[in-house]
Protein chains: 2
Amino acid sequence: MERLVMKFGGTSMGAVDRIQRVARIVAAERRPGRAIAVVVSAMSGETDRLVGLARGAAGDLAERGERAGPQGFWDEYDVVVAAGEQVSTGLLALALRAQGIPARSWQGWQVPVRTDEAHGVARIDDIPAEALATAIDGGEVAVIPGFQGVDADGRVSTLGRGGSDTSAVAVAAALKAVRCDIYTDVDGIYTTDPRIVQRARRMERISYEEMLEMASLGAKVLQTRSVELAMAQRVPTRVLSSFVEPGEPNPGTMVCDEDEIVEKQIVSGIAYSRDEAKISLVGVADTPGVAAEIFGRLAEAGVNVDMIVQSHARTPGAQNIVFTCSDRDAVRAVETLEGARDRIGFETAQVRRDVAKVSAIGVGMRSHVGVARTMFQALASKSINIEAISTSEIKISVLIDASYTELAVRALHSAFGLDAV
Amino acid sequence: MERLVMKFGGTSMGAVDRIQRVARIVAAERRPGRAIAVVVSAMSGETDRLVGLARGAAGDLAERGERAGPQGFWDEYDVVVAAGEQVSTGLLALALRAQGIPARSWQGWQVPVRTDEAHGVARIDDIPAEALATAIDGGEVAVIPGFQGVDADGRVSTLGRGGSDTSAVAVAAALKAVRCDIYTDVDGIYTTDPRIVQRARRMERISYEEMLEMASLGAKVLQTRSVELAMAQRVPTRVLSSFVEPGEPNPGTMVCDEDEIVEKQIVSGIAYSRDEAKISLVGVADTPGVAAEIFGRLAEAGVNVDMIVQSHARTPGAQNIVFTCSDRDAVRAVETLEGARDRIGFETAQVRRDVAKVSAIGVGMRSHVGVARTMFQALASKSINIEAISTSEIKISVLIDASYTELAVRALHSAFGLDAV
């Protein structure tokens with residue numbers, strides 16, 4: 001028996017008529033020899049409404065925010081918000097039955113989707129899927145809430161906002177599904193943001209590694225955790241549109257193992273992120289251990305540092321250290337450093353927030369030289385100044401002035417031959 | 001350890017500020033040596049919203065309405081609507097914690113509240129409450145969804161609309177609670193409807209039997225099933241107002257064993273119902289078995305017959321049979337009889353819908369004669385014609401023209417000495 005997992009987000013489940021369309025899409029995928037499980041999000045807007053109620057009832061408890069227990073917020077928050085997905089599963093099961101398709105809902109605690117006890121941001125430990133597999137192999141469509149699980153004490157847990165993609169991939173792995181189809185409001189993964197580059201192309205395939213870089217660099221189509229899980233468990237995952245009528249072509253983009261991509265590009269896509277801040281520490285004492293002190297304290301404060309550039313300062317025996325972090329961490333980063341100014345020893349800490357990170361991504365970089373040169377030349381030809389650089393095996397990122405973002409993305413998309421013909 | 005169960009309906013839980021007041025009411029009842037479990041309904045309006053979604057998604061499946069299984073409606077309906085109570089429990093647990101009170105929610109499947117498999121109208125089989133008792137005896141307030149349960153297959157079930165009172169009494173019985181306090185939008189049970197009789201009085205106590213008659217005769221404060229259960233399990237149940245601030249007097253009405261009522265009235269209350277129809281079968285053959293034929297067929301059609309009056313017709317060898325049923329069953333009753341006209345044999349079937357039933361209720365009737373006489377005299381003095389009569393050990397009901405309802409209720413309230421001084 002071939003098993004298929006299909007996942008529909010909140011927009012696709014946003015109203016009764018949309019849920020009925022989802023039922024038609026599921027119906028069109030049913031055929032002899034194929035078993036189907038569907039993972040669904042809460043109806044759009046519902047999770048926000050429930051979060052608002054929970055925060056309202058909790059008052060300042062929500063701010064103190066212990067995970068659980070008599071003074072906790074997050075375990076009961078989970079009880080409240082998980083109700084949104086519960087409603088969706090029941091509604092889709094009903095809509096399927098209304099079309100004559102045997103179906104039933106399985107809540108997180110019924111499957112069970114076992115998680116750790118980090119309420120509100122739980123991680124899936126294990127999905128013992130024997131009962132689920134038996135049910136769907138018997139021809140019944142299972143409808144499972146994304147985002148929901150149950151902890152070791154039998155209490156409801158949630159994976160954190162947007163955890164439904166992760167749920168879908170985890171269920172697909174547990175069911176040994178041939179594929180996990182993620183239906184979204186876009187029709188696939190593009191070589192870059194089509195709002196910036198008109199000639200951006202939908203990719204037929206992209207490797208897990210590339211998708212992971214794309215996701216973590218700002219391409220919002222799939223959540224990073226779901227891609228990590230798909231890669232670790234080798235779950236072929238397809239992104240496709242939930243707005244195409246059943247029967248119409250809807251190939252989407254397959255996220256799969258690198259080996260399954262025959263025609264490899266050197267660079268597959270261009271990503272960008274405006275959620276960046278650049279912090280410059282000027283006049284840092286050039287003594288051993290100073291960098292460890294700086295980045296150790298930032299790590300303790302929960303600041304995720306991305307690029308780091310070290311340079312000599314004008315003052316002899318001093319250096320400048322420049323790093324980037326996400327924009328929302330910038331204030332905390334500076335406060336942390338100012339608080340340790342005596343121990344670190346520096347003259348000034350400056351923040352620049354009007355910066356953007358633009359990245360070229362491609363597994364082909366591993367075996368091709370000259371990618372960096374192409375990139376720098378393309379940017380130089382548009383007079384775009386590079387403020388910092390970071391690289392991985394399959395990615396080159398540059399930090400630039402944010403006002404040049406679109407120009408840079410378009411230049412790189414062309415330079416790497418990604419424009420649609 | 002003394003255990004107390006408190007129950008709050010949808011109006012009391014209607015918004016975040018109301019839920020916070022419920023938390024204050026619960027807080028005021030906490031004291032050393034007393035353990036508390038709270039049963040809550042969905043926020044007002046929420047169940048209607050969810051029922052609407054479920055019916056929308058199900059289309060005509062909702063009308064076919066099988067209980068469960070691949071063609072069923074009610075099992076997934078239960079999944080959808082149970083979410084309303086789940087949200088309430090989480091919110092109240094958070095509001096309690098925000099006031100420094102240890103609390104947690106227990107869903108129907110967590111307690112567990114075991115029910116049969118009659119989804120949508122399930123009955124509670126059993127509540128193994130050991131874990132719950134241990135938790136509350138340890139000082140933690142348990143917040144439990146009314147209306148919800150779990151069937152033998154581990155699927156969510158609901159008790160039918162308004163089942164939360166029944167949940168509360170069942171939890172109180174399982175916990176061997178000293179009392180079940182039902183907080184409502186009225187401050188107790190009245191001798192009759194205060195909208196009709198200004199001098200109606202709140203009763204301090206009423207017996208289970210009387211309350212059962214009051215509830216089944218139209219007094220909407222408690223659901224009939226919850227009173228039946230309270231009586232069967234001998235759970236002292238108090239009805240009181242959820243709109244009185246904690247600390248203010250709020251005695252309510254205690255529903256309890258007859259033996260605990262010291263000062264017994266002959267008649268305790270006057271109830272009325274306008275949801276009545278009178279059906280007259282004229283010219284029925286006066287042969288053995290004809291009544292069995294008539295009422296057998298009505299029972300098969302699910303028509304609940306109340307009063308029956310048999311009289312001789314003008315035609316020799318024929319009789320007239322008059323009976324009452326609830327107004328919503330009247331059309332079905334007549335259709336059923338017309339469909340069996342050949343087998344029954346009658347001339348005409350007439351329906352009158354502008355009738356009302358007025359009842360005097362009191363356990364004192366058992367040991368006092370003359371109650372019927374007082375009732376008939378009071379009605380006669382106002383020139384109110386009695387169209388049918390039915391009696392039980394503790395109740396006399398009369399059917400009258402509906403336009404005389406208020407007049408009759410006021411006359412009887414006075415005649416039985418119930419008017420407040």
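Domain bounds here come from an automatic or database domain assignment. Keep that in mind for the first exercise, and note that this is a predicted model.

**Exercise 1. Into which domains is chain A divided, and what distance separates their centres?**

Start with the bounds: domain 1 of chain A covers 2–184, and domain 2 covers 270–415. Next, take the centres over C-alpha atoms; those of domain 1 and domain 2 of chain A are 38 Å apart.

**Exercise 2. Work out which rotation and shift superpose chain B on chain A, and what relation that is.**

Some background first: two copies of a chain are related by a rotation about an axis plus a shift along it. For this pair, chain B goes onto chain A with a rotation of 180° and 0.0 Å of shift along the axis, at an RMSD of 0.1 Å. That is the relation of a two-fold axis.

Now look for the residue of chain B that comes closest to the axis: Ala83(B), with its C-alpha at 2.5 Å. Finally, check the interface. 100% of the interface residues of chain B are also interface residues in chain A, so the copies meet through the same surface.

**Exercise 3. Find the residues with the most contacts inside the largest nonpolar core, then list what Val38(A) touches.**

The largest nonpolar core has 256 residues, and Val38(A) and Val38(B) have the most contacts inside it. Leave out residues up to four places away in sequence, and Val38(A) touches Met6(A), Phe8(A), Val26(A), Leu92(A), Val141(A), Ala142(A), Val143(A) and Ile144(A).

**Exercise 4. Describe strand β6 of chain A: its burial, its side chains and the strands it is joined to.**

Burial first: β6(A) spans residues 141–145, and five of its five residues are buried, leaving the strand mostly covered.

Then the side chains. In a regular strand they alternate between the two faces of the sheet. In β6(A), Val141(A), Val143(A) and Pro145(A) point one way, while Ala142(A) and Ile144(A) point the other way, and all are buried.

Last, the pairing. Strand β2 (residues 34–40) of chain A runs parallel to β6(A) and is joined to it by four bridges; Val39(A) has Ile144(A) as its bridge partner. β3(A) is also parallel to β6(A), with three bridges, and there Ala103(A) has Val141(A) as its bridge partner.

**Exercise 5. Why is helix α6 of chain B largely enclosed by the rest of the structure?**

Count the buried residues: 11 of the 11 in α6(B) (residues 164–174) qualify, so the helix is largely enclosed. Among them are Ser164(B), Asp165(B) and Ala174(B). Just after the helix, Lys176(B) takes a positive phi of about 50°.

Note on methods
Residues are numbered from 1 along each chain as its sequence is written. Chains are lettered from A and ligands numbered from 1 in the order in which they are written. This is a predicted model: local features need pLDDT of at least 70, side-chain atom pairs count only at pLDDT 80 or more; totals for chains, interfaces and linings use all residues. A residue is buried if 20 or more other C-beta atoms lie within 10 Å of its own, exposed if 12 or fewer, and partly exposed in between; C-beta atoms are placed from the backbone. Helices (H or I, at least four residues) and strands (E, at least two) are DSSP runs, numbered from the N terminus. A nonpolar core is a set of buried Ala, Val, Leu, Ile, Met, Phe, Trp, Tyr and Cys residues joined through C-beta atoms within 7 Å. Two residues are in contact if their C-beta atoms, placed from the backbone, lie within 7 Å. Two strands pair if DSSP finds at least two bridges between them. Copies are superposed by least squares on the C-alpha atoms of residues with pLDDT of at least 70 in both.
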